[in-house]
Amino acid sequence: MAAGAKSFLADAGYGEQELDANSALMELDKGLRSGKLGEQCEAVVRFPRLFQKYPFPILINSAFLKLADVFRVGNNFLRLCVLKVTQQSEKHLEKILNVDEFVKRVFSVIHSNDPVARAITLRMLGSMASIIPERKNAHHSIRQSLDSHDNVEVEAAIFAAANFSAQSKDFAGGICNKISEMIQGLATPVDLKLKLIPILQHMHHDASLASSSRQLLQQLVTSYPSTKMVIVTLHTFTLLAASSLVDIPKQIQLLLQYLKNDPRKAVKRLAIQDLKLLANKTPHTWSRENIQALCECALQTPYDSLKLGMLSVLSTLSGTIAIKQYFSIAPGTAATTARSFDLVKLAQECCYHNNRGIAAHGVRVLTNISASCQEKDLLALEQDAVFGLESLLVLCSQDSSPGAQATLKIALTCMVKLAKCRPHLSQSVVESLLTQLHSAQDAARILMCHCLAAIAMQLPVLGDGMLGDLMDLYKVIGRSATDKQQELLVSLATVIFVASQKALSSEVKNVIKQQLENVSNGWTAYRIARQASRMGNHDMARELYQSLLTQVASEHFYFWLNSLKEFSHAEQCLTGLQEEDYSSALSCIAESLKSYHKGIASLTAASTPLNPLSFQCGFVKLRIDLLQAFSQLICTCNSLKTSPPPAIATTIAMTSGNDLQRCGRISTQMKLSMEEFRNLATRYGDLYQSSFDADSATLRNVELQQQSCLLISHAVEALILDPESASFQEYTSSGAAHVESEYERRMMSVFNHVLEEVESLNRKYAPVSYLHTACLCNAVIALLKVPLSFQRYFFQKLQSTSIKLALSPSPRNPAEPIAVQNNQQLALKVEGVVQHGSKPGLFRKIQSVCLNVSSTLQSKSGQDYKIPIDNMTNEMEQRVEPHNDYFSTQFLLNLAILGTHNITVESSVKDLNGIVWKTGPKTTIFVKSLEDPYSQQVRLQQQQGQPPTQQQQQQQRTAYSRF
């Protein structure tokens with residue numbers, strides 16, 4: 001269990017304790033200067049790791065200059081090692097500050113008499129094309145080397161030419177004719193022509209260049225009909241069209257022509273591969289005729305491998321806008337209308353094909369047609385899709401080979417899609433899954449359980465029907481402790497939790513616990529407990545966490561499990577709430593809070609410097625404060641009985657002009673309560689904004705908590721504080737919004753019910769009566785009766801993103817301030833790198849980084865002088881787009897007031913949807929603003945009553961003229 005949990009608790013860290021950057025560089029430099037070749041090579045190949053750990057320009061610049069020196073004076077093997085390091089570290093190349101010096105050292109080798117050394121240099125220049133795209137000496141060397149008699153050098157020149165063509169418009173325009181001559185020249189060997197042709201894919205910088213390249217490729221396709229030439233030329237043709245965009249329809253027609261007419265299978269396969277590329281990139285450019293031609297080819301071909309390829313293109317297109325274009329038939333002849341369903345005919349034929357892959361794509365096409373063309377009456381088609389899926393399920397569930405599993409995944413994805421788009425088909429889909437589940441292989445069972453869980457989440461009404469079959473299966477599986485069996489236990493338990501929408505029955509709990517005692521290991525039990533927490537089955541989760549406490553190897557894991565146990569117990573206490581029974585509600589909340597406080601103490605003990613569990617702590621603290629606010633609200637409502645308004649309350653209200661005074665002290669308490677709920681909603685909003693790496697379900701959960709706070713504050717305002725101006729329009733939820741989970745479904749129904757109750761009371765009765773307080777208390781109880789869901793991000797961080805900032809100038813000692821004269825402005829350079837975990841950009845990607853710089857005066861020194869008001873504060877913001885995960889910008893700060901200033905730089909990020917996330921970090925430096933010597937001298941002379949000399953005035957003028 002410890003091994004499995006370790007990945008969760010260590011995921012936020014980025015490695016071992018860091019050495020100082022300079023020490024690490026000196027260590028490698030020592031290796032470079034060694035007399036032994038082996039030590040030099042070892043030092044060179046360790047540079048990429050150094051760049052990864054310290055990705056800032058100052059180190060990368062020094063390191064690359066050292067590598068360039070090794071390249072200049074070393075042998076060819078060392079040069080090859082430096083080339084490999086440069087290619088691996090391509091994203092760090094733009095951080096080289098002394099590009100000229102770096103290029104000069106590398107370029108000197110191009111004049112060597114050794115063709116291999118020249119070849120390695122050309123490859124090195126090609127790898128650096130992104131930072132030196134317009135260097136004419138590099139362009140000239142590549143052109144010269146293309147005419148070399150040494151094959152190794154020519155191949156290196158071709159590599160460099162391809163890289164420079166991709167980066168430089170001038171180079172591409174200049175080299176195009178040269179490449180064209182070489183390809184068409186009789187003296188050029190065929191294998192060299194095959195290597196030269198792919199350079200033409202980069203000739204897309206302007207329309208005329210792309211057009212001339214297309215004409216050349218067109219000539220080549222017809223002039224050189226050999227298989228290899230046709231394949232390379234057609235593929236280059238496709239890549240050029242995909243980059244230049246204008247000729248894609250022509251290219252689709254050309255590929256379809258080759259697919260139809262060329263008898264060679266290799267050419268047909270290449271045509272299919274390129275059609276797939278264009279189907280993924282630009283499905284909207286496919287006309288009805290293109291799809292029709294592809295269907296005809298697929299219907300006619302006798303080869304299964306080609307049919308599979310064509311169907312894979314069609315199944316890609318069927319999930320896009322192209323399918324709607326295919327079925328939108330303009331009024332035409334009867335023959336045209338009849339032929340328009342060739343795609344359907346092909347899919348129906350292939351559904352029961354003996355090749356699994358073909359059958360899977362056939363079913364996928366039918367499913368996509370059923371899902372996207374909903375306005376058509378496609379009853380027969382839907383039935384075909386269901387029957388095809390069932391037959392594929394029977395075929396693949398008995399086979400544990402990887403190919404069968406991949407096909408099964410396609411079929412199950414189609415089942416979920418079909419159940420979502422056509423709910424009336426879901427019952428038969430679920431029945432066939434449950435029937436097949438008993439006889440299937442373990443690997444297939446796991447996938448089928450995931451499918452059942454997804455369908456039950458979308459259509460909870462099907463859950464109860466599944467439960468009996470699932471429990472029967474749970475009793476018989478798990479006789480062995482293999483990995484697949486353990487995985488199956490978790491998957492089945494998940495489906496059972498989803499299917500039993502309300503609380504688990506004791507019988508179900510006993511069966512699960514019995515099986516876990518028999519064969520499971522601790523990690524399986526933890527995963528099942530985690531799923532129980534996500535689905536709101538807290539009593540089950542608490543028992544499982546309790547059983548695991550003694551099975552972990554470190555105290556951090558112990559405290560983590562103990563905190564989960566306490567949170568589950570706290571939520572379990574809230575399940576006993578009853579409407580109208582307010583005193584027991586208060587005692588339930590108090591009991592829950594007791595467990596929550598124990599849990600948060602344990603959770604704090606589980607955090608480590610590498611993994612501070614900040615989201616978990618923030619989420620739980622907010623839950624504690626929310627429960628306390630709910631408890632306070634119920635007490636406030638009860639105070640209407642214990643401390644009713646005094647007899648003179650109406651008179652006081654009329655005298656003061658405040659109508660709320662009629663209600664007595666409850667009105668002020670309610671005002672405080674409303675502000676407390678608004679404050680909680682703001683804090684939930686902050687937690688949401690700081691969770692850039694969270695999955696969408698976790699974020700939705702946080703959003704629902706925020707909405708419940710806003711709902712209660714709105715109810716308090718509408719019922720008691722300001723019933724006249726309360727508006728219900730903005731709070732009515734749209735029924736069209738798709739609900740993802742049972743927790744969300746139940747919360748939304750509570751929100752709607754509470755809003756209806758509040759609205760009806762608001763219209764009928766004036767505040768404040770027992771009906772109003774009862775409505776508020778019932779709203780609190782209804783919200784707390786929905787079991788809280790602890791979502792994935794609470795347990796598992798699938799995406800990890802952090803920003804590392806470096807400020808310059810920076811002090812040698814963090815406690816010391818940086819000295820700057822008050823008549824000068826401080827140029828603050830902010831550099832940063834974006835660091836990722838193992839799955840960058842899984843949920844959202846960074847589009848730009850927002851840097852906010854502010855300065856505050858910590859302490860004044862000396863006398864107060866009159867300073868212009870605009871010199872007193874600095875508040876600036878800049879937005880920079882990271883390139884290769886690196887960004888840099890500068891700020892000019894005015895620190896005219898003498899004293900110590902605290903400068904804070906805070907970063908936040910903006911994702912591709914334009915949403916701003918407060919990811920941090922926040923960095924602070926201290927700057928001491930000192931009086932400039934001339935002003936100091938003038939002041940002292942003024943104090944002594946002496947006028948400043950002419951020479952001093954001249955100095956002052958020159959000092960200011962510089963700025």
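Mentor: Let us begin with accessibility: a residue is called buried under 20% relative accessible area, exposed over 50%, and partly exposed in between, using a 1.4 Å probe and protein chains only. This is a predicted model, in which local features need pLDDT of at least 70 and side-chain atom pairs count only at pLDDT 80 or more, while totals for chains, interfaces and linings use all residues. Residues are numbered from 1 along each chain as its sequence is written, and side-chain values use heavy atoms, with hydrogens and water left out.

Trainee: OK, so where does F77 sit, and is F77 buried, exposed or partly exposed?

Mentor: F77 belongs to helix α6, residues 76-88, where helices (H or I, at least four residues) and strands (E, at least two) are DSSP runs numbered from the N terminus. Its relative accessibility is 47%, so F77 counts as partly exposed.

Trainee: Switching to packing, at what angle do α22 and α24 cross?

Mentor: The axes of α22 (residues 356-372) and α24 (residues 402-421) cross at roughly 15 degrees and come within 10 Å; such axes are lines fitted to C-alpha atoms, for helices over the stretch in contact, with angles from 0 to 180 degrees between N-to-C directions. That makes α22 roughly parallel to α24, given that angles under 35 degrees count as roughly parallel, over 145 as roughly antiparallel, 65 to 115 as roughly perpendicular and the rest as oblique. Their crossing is left-handed, a term used if the near helix is turned anticlockwise from the far one by less than a right angle, with right-handed if clockwise.

Trainee: And α31 with α32, how far apart are their axes?

Mentor: The axes of α31 (residues 538-548) and α32 (residues 555-573) are 8 Å apart, and the helices pack at an angle of about 155 degrees. That makes α31 roughly antiparallel to α32, and the crossing of α31 and α32 is left-handed.

Trainee: Now the sheet with β1, in what order do its strands come?

Mentor: Three strands form an open sheet in the order β1-β3-β6, with antiparallel pairing, where two strands pair if DSSP finds at least two bridges between them. The edge strands are β1 and β6 (886-894), each pairing on one side only. Between β1 and β3 (residues 825-836) there are eight bridges, and K804 has V833 in β3 as its bridge partner. Between β3 and β6 there are nine bridges, with L828 opposite F891 in β6.

Trainee: Which residues are on the covered face of β1?

Mentor: In β1 (residues 801-808) the covered face has T801, I803, L805 and L807, whereas S802, K804, A806 and S808 are on the uncovered one. In a regular strand the side chains alternate between the two faces of the sheet.

Trainee: Last one: how many residues of β7 are buried?

Mentor: Eleven of the 13 residues of β7 (residues 899-911) are buried. β7 runs antiparallel to β4 (residues 846-860), joined by 13 bridges, and to β9 (residues 922-930), joined by eight bridges. In the hairpin of β7 and β8, four residues lie between the strands, and G914 takes a positive phi near 85 degrees.
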